2 protein chains.
Amino acid sequence: MVAGFRHSTPGPSDQYNQLHEYELTAHRELKYTDGSSIDWLQEEAAERERSHALHSQAGVRGALLPALDSARMWIVVIATGIGIGLAGAWLDVLVKWLGDIREGRCAYGFFYNSVACCSGLDAGEFCVEWQTWSQYFHIKSMFASSFLQAFVYISLAVIFGGTSAFLILSGYVFDAFLSPWTLLIKALGLALAVASGLSLGKEGPLVHVACCMAYLFSRMFKQFRHNEASKRRVLAAAAAAGVSVAFGSPLGGVLFGLEELDAFASETDVMWQGFVASAIAAVALQWVNPFGTAKLVLFQVTALSDTWRAFELIPWISLGVIGGVLGSLIIRLNVEIAIYRRQSAVGEWPVLEVVFASGVTAALSYLVQTSELVANLFQECDPTKGDYHGLCNPNATKENIFLLVLTAFIKVVLTAWTFGMMVPAGIFLPTIGIGACLGRAVGLVMQSIYRSHPTAWFFQSCPPDPSVRCISPGFYAIIGAASMLGGVTRMTISLVVILFELTGALSHVLPIMISVMTAKWVGDALGKDGIYTVWIAMRRYPWLPPVHYRDQGETAAHVMRSVSDLVVIKDGVTTVRELLDTLRQHDYHGFPVIDKHGEYVGYTTRDSLQLAIGTCFCLFIKRHAARSSSSLAAERSLMFLLPPPGSSDEIHFTEGAYGLEDKICTFSKNYMLVSASNRIDMSSTLETTIIQLRKEVSQEMLVSMFKKWCNPRQIIFTHAGKLTGMVTKRDIVDLLTQHFPHAASLAREPPPT
Amino acid sequence: MVAGFRHSTPGPSDQYNQLHEYELTAHRELKYTDGSSIDWLQEEAAERERSHALHSQAGVRGALLPALDSARMWIVVIATGIGIGLAGAWLDVLVKWLGDIREGRCAYGFFYNSVACCSGLDAGEFCVEWQTWSQYFHIKSMFASSFLQAFVYISLAVIFGGTSAFLILSGYVFDAFLSPWTLLIKALGLALAVASGLSLGKEGPLVHVACCMAYLFSRMFKQFRHNEASKRRVLAAAAAAGVSVAFGSPLGGVLFGLEELDAFASETDVMWQGFVASAIAAVALQWVNPFGTAKLVLFQVTALSDTWRAFELIPWISLGVIGGVLGSLIIRLNVEIAIYRRQSAVGEWPVLEVVFASGVTAALSYLVQTSELVANLFQECDPTKGDYHGLCNPNATKENIFLLVLTAFIKVVLTAWTFGMMVPAGIFLPTIGIGACLGRAVGLVMQSIYRSHPTAWFFQSCPPDPSVRCISPGFYAIIGAASMLGGVTRMTISLVVILFELTGALSHVLPIMISVMTAKWVGDALGKDGIYTVWIAMRRYPWLPPVHYRDQGETAAHVMRSVSDLVVIKDGVTTVRELLDTLRQHDYHGFPVIDKHGEYVGYTTRDSLQLAIGTCFCLFIKRHAARSSSSLAAERSLMFLLPPPGSSDEIHFTEGAYGLEDKICTFSKNYMLVSASNRIDMSSTLETTIIQLRKEVSQEMLVSMFKKWCNPRQIIFTHAGKLTGMVTKRDIVDLLTQHFPHAASLAREPPPT
């Protein structure tokens, strides 16, 4: 006898059943194992069914429920936007204060930072309220004073860094329990990481906090709890808002999302949500206005000259080349350090490593005094406005160039070391710092050449009046930053938008574009992948990197798992016992189904199989609820685990193993009882959205299907009705990262053989 | 005997063959019939093959050819950007001059516009060089002067409009021959259309010209000529550049492309190309600087107050509601007029209609003097800066409100009439005009309420000092424009970005977002589609509108053409004769292939079938080249057209009908000769990238597959190996537009029954 798992297929007239179907779906607690990939096609289908169930409600409910559904999503998006904007402002205030107490304290209140402490002074008046630690302790001796300052500076950095690493590590343990308290602890850890002076950027922490917030807000509503598709949309919007706050650039946030998150590209709605979240976050940040400057952008570019000259393209393209080369170098160095960390004992002491790195970074930056340097690099020299860090002293050009190149070199090493440590870190800001140093240095070189040879043919296009500035070293710093970012991240459009919002001058967008493009080309020639892609490859995350794959004429047949290697369920042939066996022995996400002639019938997931078996089983229990539990157990074995003649303990079947939770037992339909030797009709458990292709399809096309277009979890290959093979997303990720020598070197599970 | 069409499958070691394969592909002149849809999957595959052939060249060629390939694409993108930027500037100058000579001429040169004519004057000095026509002709009589002015104003409008319609109509005839001359004629026609004063925007013409330019530039390189995929990328970039120039907003252009063109969403590269083209176009426009103001944006917003008050959300949300209602009204009116035009005799006299519309528009705008009104609506009143059109006169508030509402009403009617006439028209600018009038009116109402009750609780948040402005009517105009745009186009993010770039103030982005969102919601409730979607539905263009489709539980089975209705080729069964018959009788783009057991084998296109037959045929001719042409003809019929016993003239087979062009004969491979009664082995003609699904997939999912994800031309449905049906893109377009009562009412072919 062929027993059936019959879920009634929802039809428009059958609303009662649909609601039950929905309830069942809601109860479906999916447990994703670490590193498993999510089947978006399936999740989208689940979301669709849920939304359909809401829409097909009669009367007012049918109109109201979908509106409520949409309203809840907007509540989460808007709350996340406001939250991350306020958090960003709070982070700024906290970081500024933490950074300042490394040097001194305010005389009339410990919790004022140096700016707040010295506010209200007239121009030229000297601020006496802000005291360095040696002033505070009345230390007169020059040597003792220097020692105390350095000691406090470095030890606070070490304490901040260590605490941050400790908090983050604890946070990871509590990850499953994401309460507001945990979020606060985490956010504090992130602020400490930034304040420790480590060579890392706040955009990483901010994106992280934004996603935590969105997750937290979305937990309030049931609709997000069991659906990865809607959760992903909200998280994508949150990531955009995080970038928006980090750079004060709402459009930059949206375009970052477009370039790096494929969730954006697939739907205009998601982009719109991301934009709303970004804009609200930026407005919230501006409203708090942490430093009273009303400025949003990180580094204001001041006194930019209106025009640039064609000859400047030569140093700018050179900066692009430098960015490409140095970017590749940072990536390679970073990879080597990460692998060394993993293979040596360093990886076992993450907090110690952070503490050590904080100490080294603090010592170096105390010597070189880089802390406020970067922001000054983008300023143009203006005789009326004082001398930024001595950068504008025309007599110290050589020293300045040397200092800038040295700083860049130190930051290269520190950044390559820091990115990948057990603190949340963004790569954008340190990269901007390196690039700005080098760009400013090139600008100073150009300026000094111009000063010594103002009439050379090279500078013919400069204005004849030497008092008018011809070279703007501040803009060279922008170009340098753009080049380094291009070399390290290999992104294009969002870099240009973020830097364009820094300068604000449309005429300067062309040089920025050219240098980013040059850096990307040079970088791609030296090493194919950007730093994000490299880390995804090393961690073997199930995420398709945004690289352009080009095959050598291979087809899908070369990458697919052939039918002989697949675990296949035979519709109408496989028995319940064999099915349980299969589920126990293999932890695959799903199984192709063929009929008795070997024709491909469909694909079924582990989840729906378990649900089907579990439902049958629990109905059986209900029918026998009157009996004692011991006799129940006997019935159960009778039912499913009829011992085969000879090996009685072959199948170990414990309650809960196959999703047999009590709540499923509330489901009430007329199911047939099956015994373990029954054969199964799979027709109702088949997934509806499984894509089939011919194995002759080219690999490049296949990768496109997975990446840009369809985002399925697997694709089935058939020929003339026969199953020929299957490719999963994991196979494609491995294919895309196989050229990279260290692929999967940091993965938790070993790389595939 | 089973004869085969064996194209050798390209393998990495077989480079010579590949190049030939490529040559063959290049010769493949696809003829798309009007309204047919392009199979992007197939085109992408062709592009991939071509790119692969270039990459697999040995040595330097292998490195150089792909670089050249990419360089050519960038040349086209950059040239288009520069071209459209210059064309935009030229259009501005021309339109300004054409507009001015409707009122007068410059005393010292006919080709100066009023601004250039009066330049160089001191402040307050009166410009005597610019003479109205009555001044020029020394007409003193008040009545005669007014009559002359009105006569010249209206007749020039009529002449411009008529000439434009005539030029555009001629342009359509010359469409196949897109020479620089045609482009110039077309651009001139577009300038005349704008200058005629018709209620249309220049962004439509600019996008059109940009695409013409890109097409023209791409024709210079062979790589674009035969590949729709790369052509489409370049055209998408050009469209973005066109929008960028029209609104002076490079980011707005890119986001417009993202929202309306699916080419952008699928690939980051395309977005980057679009951004580069947009930025270059904007820089080129700024460089020409047609009016010496160095301003890029269309309407500068001046003297915007820094903050807005929460109570202002009430009028702003009301404006959003008005925008949604009025937007739907414009769409409905526009549709009714378009259908009347088609059904009545009006459609047969397109030039006359344009002439009449120009006359009416000119007469009305001469009376109401709207020409410079719109730009002034966004200005804030500033006592030191004169009175914009009397808008700032506090004693004439009632008159102003009446005038504004009247103007808006007239523009609503004119716009609904004009959009769809035989002139290229953009809907953005007239919509902005309507919205700005209404917004300013609401702003004036608010202002007058505030002036009469400054101490009401409603205005508590206003500054107590009455000399400080509390209500900014100029910003109300922006909100009104945003609302109307939201109601008419149902776009979101690009509207906000374009209007955000107008105001430049981040704090004002929230009200703009809220009003756009309100207008979209209200509009969607009144009528589901934006005006672009409606026109696509009416024209039955094979383009999937960006609407969210929601099924009622139907599956693909309800929309697919079932296997019994399909024309199917049987692999190994169908003979050459039957194949030729099929190709002659059905003009389908392709055919599913099944084997003799009815199992689905694959899908083949008309093109590859014709190519295969044609190649066989022409090889046959080559082998018999020595013979006379009459004997050739005999051989040919022998070869393919062996008359069936009984009906000798059943198959009419003329040269060229099946792609039998001479150049294909340069192809040299060893093909087997086939006779018409041979059966065919289809294996080499099958498409590799045909997606198969089960017919149980939901319609919503299916629409998603076509729309966002895969963009294929057709999807095949199978069950257990058997072909069950097929869905084409056309079916999905019809499905998406079926709810619209006037779908396909303007299509060239009749709607499906």
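The contact (heavy atoms within 4.5 Å) takes 72 residues from chain A and 72 residues from chain B. The model is predicted, and local features need pLDDT of at least 70, side-chain atom pairs count only at pLDDT 80 or more, and totals for chains, interfaces and linings use all residues. Residues are numbered from 1 along each chain as its sequence is written, chains are lettered from A in the order in which they are written, and side-chain values use heavy atoms, with hydrogens and water left out.

Between chain A and chain B, about 6,400 Å² is buried, and carbon and sulfur atoms give 70% of this area; the value is the accessible area (1.4 Å probe) lost on putting the two parts together, summed over both. Helix α13 (residues 268-288) of chain A gives the most to the side of chain A that touches chain B, with ten residues. That side has 41 nonpolar, 18 polar and 13 charged residues.

The largest nonpolar core has 269 residues, and Ile84(A) and Ile84(B) have the most contacts inside it. Such a core is a set of buried Ala, Val, Leu, Ile, Met, Phe, Trp, Tyr and Cys residues joined through side-chain atoms within 4.5 Å, buried being under 20% relative accessible area (1.4 Å probe, protein chains only). Helix α3 (residues 59-101) of chain A gives the most to this core, with 13 residues. A second, separate core of 40 residues includes Leu702(A), Val727(A), Val727(B) and Leu736(B).

Notes: Buried means under 20% relative accessible area, exposed over 50%, partly exposed in between (1.4 Å probe, protein chains only). Helices (H or I, at least four residues) and strands (E, at least two) are DSSP runs, numbered from the N terminus. Ala, Val, Leu, Ile, Met, Phe, Trp, Tyr, Cys and Pro count as nonpolar, Asp, Glu, Lys and Arg as charged, and the others, Gly among them, as polar.
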